[in-house]
Amino acid sequence: MARFTFKLPDIGEGIAEAEIVAWHVAVGDRVEEDQNIADMMTDKATVEMESPVSGIVVELAGAVGDQVAIGAALVVIETDTDAGADEPFSLGAEVAEQLGVEGEEQFEAENPGVEEALDDGDQAPLPPAGGAGGGPVAPFTIASTVPAPTPPASGRGERKPVLASPAVRQRAKELGVDLATVRTDADRVRHADLDAHLRYSGGEGYHAPHTSRARDDEQVRVIGMRRRIAENMAAAKRHIPHFTYVDEIDVTELERVRADLNGARGDRPKLTLLPLMIVAICRSLPDFPMLNARYDDEAGVVTRHGRVHLGMATQTDAGLTVPVIRDAQDRNVWQLATEIGRLADAARAGKLKPEEMGGGTITVTSLGPLGGIATTPVINRPEVAIIGPNKIVERPVFTGRGDEIRRAKLMNMSISCDHRVVDGWDAASYVQALKKLLETPVLLFAD
């Protein structure tokens, strides 16, 4: 037997350390070559670490949430080969402690054959029934003792039956009211008596139906994706003086065009509003280069980009992720819809590649039908602007021809900007240009 130390490899350019977000093995487990042993998260992506050898895990670098430097030991594995095996396999104090014994010697004395079986890579044989000393054998599980339920305390004597209609009984049950505590001047409890009890008894014994009940406090470690989000958001708010501008856009005609395109889409993906909006963003950005930019505040340099690498904020089970649509300015609505679907599926499955998550020049974030009246999105640093479409609602609007009113689909558009490099006038002017394209969608398809 020999010990193999698996060191954390270089998993990305400029990466100095990675965070342990999941262990798939524990000390004492047997692993096979190429088996996934851990998930490591960098600033770019989550990477699966696979074992280069087979054997028994004897050491792990740390707990979930710990940082491991590139080149540092991640896992130590007792391999199946005999080369260099001058040191016997040790179960270790941690395993002994978990099994509830004091030290390895006592464990081996009480369970003969376990060490040899582990050395051979096989499952340890169970001791014979009755144990070595003839007594019962304690299984390797932590037994939990559940006390028998305590019978309710008996009342003082027999309670007199309470007369009430089935409707009153059902209502009292839903309210959590004991009918025996309700006073009445009649021969039975009525709805009015129940109402009076609720008003004048101070609500004693009353529980509104379907109310929330108290739960135990829960402490959740901020690790993995959630920690990255927290760090990025804190850095963005700490370094960037945000301002947000909101305007209302009539998307009635845009929604009609979208419905017509979907009606003739064939086997192409169904269009949402987002691909059409991205086309409008890309068409309007050349006149406002200060928005399609990244600001290196340490170097004091703003880079205004000629291409649009558009970040697309996507909600996943692990938290908010921002995959990037490369060269969005060169794609039509159908190509954008396909790429949006592909990146969203990869983000939710945790399969995004590092190059699909960085280098954005401007970001769009939307809560879809939950979008609310207006949002104040946080800029994806080092970008300088983020656009947030909000929920579409139908409202009556004046047509401009006297008192004539029509039904319109309206949507508020938010934009947050870095006030160090973008002026309020520029942001408002850009939204007006974007508004013109969205309210006159034929311009989206004009050369």
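These exercises, with worked solutions, concern a predicted model.

**Exercise 1.** Describe how helix H4 and helix H5 pack, and classify their relative direction.

Solution. 
- Two packed helices are described by the angle between their axes and the distance between the axes.
- Take the angle: H4 (residues 166-175) and H5 (residues 191-200) meet at about 20°. Their axes lie 10 Å apart.
- Apply the cut-off: angles under 35 degrees count as roughly parallel. H4 and H5 are therefore roughly parallel to each other.
- List the contact. H4 supplies Ala167, Val168, Arg171, Ala172 and Leu175. H5 supplies His191, Leu194, Asp195 and Leu198.
- Sort by class: six residues are nonpolar, one is polar and two are charged.

**Exercise 2.** Find the residues that touch the most other members of the largest nonpolar core.

Solution. 
- This core has 51 residues. Ile281, Leu291, Leu310, Ile325 and Tyr430 touch the most other members.
- Helix H9 (residues 333-348) gives the largest share, nine residues.
- Inspect Leu310. Beyond neighbours within four places in sequence, its contacts include Ile278, Ile281, Pro323 and Ile325.
- A separate second core holds 17 residues, among them Phe6 and Val57.

**Exercise 3.** Locate the backbone exceptions at Asp34, Asp327 and Pro382.

Solution. 
- Most residues other than glycine have a negative phi, and most peptide bonds are trans.
- Asp34 has a positive phi of about 70°. Asp34 sits in the loop between strands S3 and S4, and is exposed at 52%.
- Asp327 has phi near 50°. Its loop joins strand S15 to H9. At 23%, Asp327 is partly exposed.
- Pro382 lies in the loop between S16 and S17.

Conventions. Residues are numbered from 1 along each chain as its sequence is written. This is a predicted model: local features need pLDDT of at least 70, side-chain atom pairs count only at pLDDT 80 or more; totals for chains, interfaces and linings use all residues. Side-chain values use heavy atoms; hydrogens and water are left out. Axes are lines fitted to C-alpha atoms, for helices over the stretch in contact, and angles run from 0 to 180 degrees between N-to-C directions. Helices (H or I, at least four residues) and strands (E, at least two) are DSSP runs, numbered from the N terminus. Angles under 35 degrees count as roughly parallel, over 145 as roughly antiparallel, 65 to 115 as roughly perpendicular and the rest as oblique. Contact means heavy atoms within 4.5 Å. Ala, Val, Leu, Ile, Met, Phe, Trp, Tyr, Cys and Pro count as nonpolar, Asp, Glu, Lys and Arg as charged, and the others, Gly among them, as polar. A nonpolar core is a set of buried Ala, Val, Leu, Ile, Met, Phe, Trp, Tyr and Cys residues joined through side-chain atoms within 4.5 Å. Buried means under 20% relative accessible area, exposed over 50%, partly exposed in between (1.4 Å probe, protein chains only).
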